[in-house]
Amino acid sequence: MAFVDEMTVKANAGKGGDGVVRWLHLKGKEFGGPSGGNGGRGGDIIIRGVRDLNRLVRYKGVSEFSAENGADGFRNDMEGRNGTHTYIDVPVGSRVVHKESGREWDLLTEGEEYIVFEGGRGGFGNSHFKSSTNQRPEQFSEGKPAEEGTLFIEVRLIADVGFIGFPNAGKSSLLNAFTKKKTKVAAYEFTTLEPNLGVLYNYVLADIPGLIEGASSGKGLGHAFLRHVRRTRVLLHCVSTEHEDVVSAYKTIRDELLQYDEVLTQKPEIVFLTKIDEVSESEYKEKEKELKALGLTVIVVSILDDTLVKGAQDALITFLENLA
Ligand SMILES: Nc1nc2c(ncn2[C@@H]2O[C@H](COP(=O)(O)OP(=O)(O)OP(=O)(O)O)[C@@H](O)[C@H]2O)c(=O)[nH]1
Ligand SMILES: [Mg+2]
């Protein structure tokens, strides 16, 4: 099933139950006192972080979440039942935005929860209004309306390293080489259509779809999936030796990052010059030199060479450790 990493839904908490007007019926007494109970509280809409990246798929086709209304009060001063809360479970890493007010919540740990829309308070029954001067109150109040609005939910993966680069740069091949993943790899562009996570020692690596020039204006797969590298500590930028001009290829991707959000360009970055087996030694050395001249940390790699793969992996770990 396709990965769903954003959705917009309407949600409404439960309305409070109404208070009621009731009278005590006591044996032998014609007029008992007031006994109308208060209404119950309406249920809340609560967002909660869960460790299930694919959770939003389950909500496909759901356009509205509602919490239960509070029940009206009863006779004998009985309060109406509170409405049940409704939980919206979102993958850990998600950001939820209340569209109307702009309020935001980040759910970074499992079980973390926030009330986004509060249920209405129950109204008062006539018992509540009893006083020395008002022995037989006919008053009651209605339950309060509930909060409601539109939520935009966006999944942002939590990973240490985000793989970025042109399609076909060898990102997924490296993820597979570094971790036990068996992500699809193929000799055409946009093989990867949704993010993949892998684990290298204690580090989580996130491989995302490729970017191209103009991705920010919708070219290729667009650039919305860059949300998945927002929370990463490090960018691993793959530049293939197949580019005639590696410096311009590098800068094209950097520019797309900038178009998406400047914050991404401020993350520590390590550059992998990939597929060095595709060109002569002097050629990749020249490309490596050109990239290094930009002041970048550059590691050369080919997935066909185990020693280079191991070296690149160690370089990445060292890079991460030096940040800590
Ligand atoms: N010769 C050679 N081919 C490689 C190397 N790394 C990857 N490839 C091949 O390059 C092609 C693309 O590799 P992928 O890992 O799918 O590239 P990607 O960057 O994930 O591509 P997208 O998912 O489309 O963005 C595949 O045919 C790989 O087998 C390498 O070091 N040397
Ligand atoms: Mg890929």
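The structure is a predicted model, in which local features need pLDDT of at least 70 and side-chain atom pairs count only at pLDDT 80 or more, while totals for chains, interfaces and linings use all residues. Residues are numbered from 1 along each chain as its sequence is written, chains are lettered from A and ligands numbered from 1 in the order in which they are written, and side-chain values use heavy atoms, with hydrogens and water left out.

Helices (H or I, at least four residues) and strands (E, at least two) are DSSP runs numbered from the N terminus, and two strands are said to pair if DSSP finds at least two bridges between them. An open sheet is formed by three strands in the order β4-β2-β7, with mixed pairing. Because β4 (86–91) and β7 (113–117) stand at the edges, each with a single partner strand, one side of each is left without a neighbour in the sheet. From one strand to the next the twist averages 30°, where axes are lines fitted to C-alpha atoms, for helices over the stretch in contact, and angles run from 0 to 180 degrees between N-to-C directions. Within this sheet, strand β2 (residues 45–50) pairs with β4 in the parallel sense over six bridges, and Ile46 stands opposite Tyr87 in β4.

In the loop between β4 and β5 (95–98) lies Ser94, which has a relative accessible area of 0% and is buried; here buried means under 20% relative accessible area, exposed over 50%, and partly exposed in between (1.4 Å probe, protein chains only). Although Ser94 and Asp106 are twelve residues apart along the chain, their C-alpha atoms are separated by 6.0 Å.

Strand β12 in turn pairs with strand β13 (residues 269–274) in the parallel sense over six bridges, and the bridge partner of His237 in β13 is Val271. By contrast, β10 and β11 pair in the antiparallel sense over five bridges, with Asp207 in β11 as the bridge partner of Asn196. The hairpin of β10 and β11 has two residues between the strands, and in it Tyr201 takes a positive phi near 50°.

In strand β11 (residues 203–207), four of the five residues are buried, and in β12 seven of seven are. In a regular strand the side chains alternate between the two faces of the sheet. In β12 both faces are covered, as Val234, Leu236, Cys238 and Ser240 on one side and Leu235, His237 and Val239 on the other are all buried. Cys238 counts as buried at 2% relative accessibility, and its C-alpha atom is separated by 7.6 Å from that of Phe166, 72 residues apart along the chain. In the loop between β11 and β12 (234–240) lies Arg227, which likewise counts as buried, at 4% relative accessibility. The side chain of Arg227 makes a polar contact (a pair of N or O atoms within 3.5 Å; within protein, one must be able to donate a hydrogen and the other to accept it, and residues adjacent in sequence count only if both atoms are side-chain atoms) with the side chain of Glu154, at 3.4 Å.

The magnesium ion (ligand 2) is coordinated by Ser172 (OG) and Thr192 (OG1), at 2.0 to 2.1 Å. This pair links distant parts of the chain, with Ser172 in helix α1 (residues 171–178) and Thr192 in the loop between α1 and β10 (196–200), 20 residues apart. Donors are N, O and S atoms within 2.8 Å of the metal (3.2 Å for Na, K and Ca), and water is not among the atoms, so sites may look incomplete. Both Ser172 and Thr192 are buried.

Around ligand 1 there are 23 residues, of which Lys171, Ser173, Phe190, Thr192 and Asp277 come nearest; a residue is near a molecule or strand if one of its heavy atoms lies within 4 Å of it. An oxygen atom of ligand 1 is 2.9 Å from a polar backbone atom of Gly170, and a nitrogen atom of ligand 1 is 2.8 Å from an N or O atom in the side chain of Asp277. The protein covers 89% of the 650 Å² of accessible area that ligand 1 has on its own, with areas taken from the Shrake-Rupley method with a 1.4 Å probe and, for residues, only the protein chains shown counted as cover.
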